[in-house]
Amino acid sequence: MAVSLQTRLVTLAAGALLFAAPAQAQFQLGALPTGSYITFGGLDWAWANPLPADAGYFTLAGQSGFGWRLPTAAEMLGAPSATQFLFPGGNVPYGGSDPSSGATFQATNPAYDGAESAGACATPWFSNAYSHCDWQDGNGQTYGPWAGLDGANSFADQLVVRGQGDVVPEPATMTLLATGLAGMAAARRRKRSA
């Protein structure tokens with residue numbers, strides 16, 4: 001059976017697209033679980049993307065409601081090193097992937113390889129194209145520093161932060177606040193009419 005030239009060209013084009021596009025990852029919804037970020041210098045830090053935010057494949061849409069945002073230039077000056085994302089209880093086990101999100105670490109890091117410890121990678125909560133963090137692209141690593149710092153490469157990894165004042169209040173807290181304010185307004189009206 002002869003295959004037409006048109007069929008061959010369509011097959012080649014489809015194959016080229018398959019290899020050219022980044023692997024599709026499952027975008028994770030909801031709050032970042034404990035173990036997928038670290039607390040350092042009074043801020044929560046998440047390793048959020050294997051490329052800078054402005055390179056594409058990155059969004060804060062699902063996480064800004066939980067207080068996550070891009071760090072300021074001043075905050076980036078105090079950013080943690082890549083190895084500070086290694087700790088027992090991190091969501092990515094040594095040499096494996098996060099069982100719930102599929103997050104992994106790419107490339108090697110002597111500290112990671114020697115420690116055989118877990119690490120924190122939150123990319124699946126900020127990207128639907130990637131699910132990995134690149135060990136070699138953070139502060140203190142071969143191709144560091146982080147995106148947003150002087151000397152960062154075009155492929156520098158992106159961090160996000162949230163601080164004590166950044167967390168959005170729970171709905172119950174807002175309801176309690178509204179009820180209290182309404183009660184104070186009613187008491188003030190009563191006092192004026194008396």
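Which residues form one aromatic cluster? In this predicted model, the cluster is made up of Trp 47, Phe 85, Phe 105, Trp 135 and Trp 146. The paragraphs below set these residues in the fold, and then turn to the nonpolar cores, the charged side chains and the disulfide.

The protein chain contains four helices and five strands, and, read from the N terminus on, these elements follow the order α-β-β-α-β-α-β-β-α. Of the 194 residues of the protein chain, 38% count as buried. When contacts between residues at least 6 apart in sequence are considered, 73% of them join residues that are at least 24 apart.

The aromatic pairs come to a count of 10. The rings of Trp 47 and Trp 135 are edge-to-face, because their centres are 5.4 Å apart and their planes stand at 85 degrees, where an angle over 60 degrees is needed for that class. This pair links distant parts of the chain, since Trp 47 belongs to strand E2 (residues 43–49), while Trp 135 is found in the loop between strand E4 (132–134) and strand E5 (158–163), 88 residues apart. Both Trp 47 and Trp 135 are buried. An edge-to-face arrangement is also found for Phe 85 and Trp 146, an aromatic pair with 6.0 Å from centre to centre and 70 degrees between the planes. Phe 85 lies in the loop between helix H2 (73–77) and strand E3 (104–106), and Trp 146 lies in the loop between E4 and E5, so the pair ties together parts of the chain that are 61 residues apart in sequence. Phe 85 counts as buried because its relative accessibility is 0%, and Trp 146 counts as buried at a relative accessibility of 0%, the limit for this class being under 20%.

In soluble globular proteins, nonpolar side chains tend to be buried together. In the present model, the largest nonpolar core has 20 residues, and those with the most contacts inside it are Trp 45, Trp 47, Met 76, Phe 85, Phe 105, Trp 146 and Leu 159. Strands E2 and E5 each supply at least two residues of this core, and E2 gives the most to it, with three residues. The surroundings of Leu 159 can be described in detail: leaving aside its neighbours within four places in sequence, Leu 159 is in contact with Trp 45, Ala 46, Trp 47, Ala 48, Leu 70, Pro 71, Met 76, Ala 79, Pro 80, Phe 85 and Trp 146. Among these contacts of Leu 159 are Trp 47, Phe 85 and Trp 146, which are also members of the aromatic cluster. A second, separate core has 10 residues, and Tyr 37, Ala 46, Trp 125 and Phe 126 are included in it.

Charged side chains also take part in the contacts of the model, and the count of salt bridges comes to two. In one of these, Arg 162 is joined to Asp 44, with the closest N and O atoms 2.9 Å apart. Distant parts of the chain are linked by this pair, as Arg 162 is in strand E5 and Asp 44 is in strand E2, 118 residues apart. Both Arg 162 and Asp 44 are buried.

The link of Cys 121 and Cys 133 is right-handed, with 90 degrees about the S-S bond.

Technical notes
Residues numbered from 1 in each chain as written. Predicted model: local features only at pLDDT ≥ 70, side-chain atom pairs only at ≥ 80, totals over all residues. Heavy atoms only, no water. Phe/Tyr/Trp six-rings, centres within 6.5 Å; stacked < 30°, edge-to-face > 60°. Buried < 20%, exposed > 50% of the residue type's maximum accessible area, 1.4 Å probe, protein only. Core = buried A, V, L, I, M, F, W, Y, C linked by side-chain atoms within 4.5 Å. Contact = heavy atoms within 4.5 Å. Salt bridge = Lys/Arg side-chain N within 4 Å of Asp/Glu carboxyl O. Disulfide = S-S within 2.5 Å.
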